[in-house]
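Let's take a friendly walk through this model, one stop at a time. Keep the structure open beside you as we go.

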Amino acid sequence: MKNVKRMIVIVLAVSLIAFGFVYWFKLAPAGPLPDDKAAAKEINGLLNKMGTDEGLQVESILETVQADDRHAFIPFETDAGVRGFSLWVWKDHQWKASSATTDGDPVIWKVRPGDPSSYRVVWSLDPAEKVDRLVFYLIQKRSFQNEAYQPRIQMERELPFAEHPYGSIKVPEEWRTIIRGEVDESEARVEFGWRSLDSSGEDVFIEGQGQSSYLRYEDHQDLMMPLQEDELE
């Protein structure tokens, strides 16, 4: 009987320790994001690991935008005046930058892969660029599937550049409807693109920035291809 009681105590103790471990690392609410100084230090560590921008230092954190309670978008500017952004995740009971880049071209950030309601367009460009507006596109090319004709779908979202040189916006609801309709996202039938236009509606070429990036954790992004007028309908 004594051995049975001892065994029960051991099992309960092990269960409590296991529960505490799971709660602490997986279920506990996320803590506050790091302050600007700590965020800059983390981003610098990622950027300098690439080597291409060795010595690059974050000069200022532009904003902190939480996508949900465990993911955040933090755009920044370096001491060389280069704009970029970092993506953050609450993992193992701490905030860590999952990626950082000084190529601030727009990308689709799948905050929770498989859940289009969480998808966002994120970017951070030089506000000195002579751009009047940014236009983001979702395109599904026409095709035949199961002997059925699928017409082309082209949707766009336009933003004034002066007010939005950087940002993190949810993809429009009508985009999510198309994305949800994908039989298999790996087929990549839906494509994303963007244009930067001047006040006359002409394309503005934005020169490549530092193009330094580092991926620490699994970070789900889809590229947005720069488009020209003749690629649209």
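Our first stop is Asp 92, which sits in the loop between β4 (83-91) and β5 (94-101). Bear in mind that the model is predicted. Asp 92 is not a glycine, yet its phi is positive, at about 55°. Its relative accessible area is 35%, so this residue counts as partly exposed. His 93 lies in the loop between β4 and β5 as well, and here too a residue other than glycine has a positive phi, near 60°.

Next, have a look at the sheet. It is an open one made of four strands, in the order β11-β8-β13-β16, with mixed pairing. The edges belong to β11 (153-160) and β16 (225-226); each has a single partner strand, so one side of each has no neighbour in the sheet. Strands β8 (residues 133-140) and β13 (residues 190-197) run antiparallel to each other and are paired over eight bridges. Within this pairing, Phe 136 faces Trp 194 in β13.

Now for the aromatic rings. How many aromatic pairs are there? The count is four. One of them joins Trp 90 and Trp 95 edge-to-face, at 5.7 Å centre to centre with 65° between the planes. Both Trp 90 and Trp 95 are buried. Another pair brings us back to Phe 136: its ring centre is 5.0 Å from that of Trp 123, and the planes stand at 55°, so this pair is tilted. Because Trp 123 belongs to strand β7 (residues 119-124) and Phe 136 to strand β8, the pair ties together parts 13 residues apart in sequence. Trp 123 is buried at 0% relative accessibility, and Phe 136 is buried with a relative accessible area of 0%.

Key. Residues numbered from 1 in each chain as written. Predicted model: local features only at pLDDT ≥ 70, side-chain atom pairs only at ≥ 80, totals over all residues. Heavy atoms only, no water. Helix = DSSP H or I, 4+ residues; strand = E, 2+ residues; numbered from the N terminus. Buried < 20%, exposed > 50% of the residue type's maximum accessible area, 1.4 Å probe, protein only. Pairing = 2+ DSSP bridges. Phe/Tyr/Trp six-rings, centres within 6.5 Å; stacked < 30°, edge-to-face > 60°.
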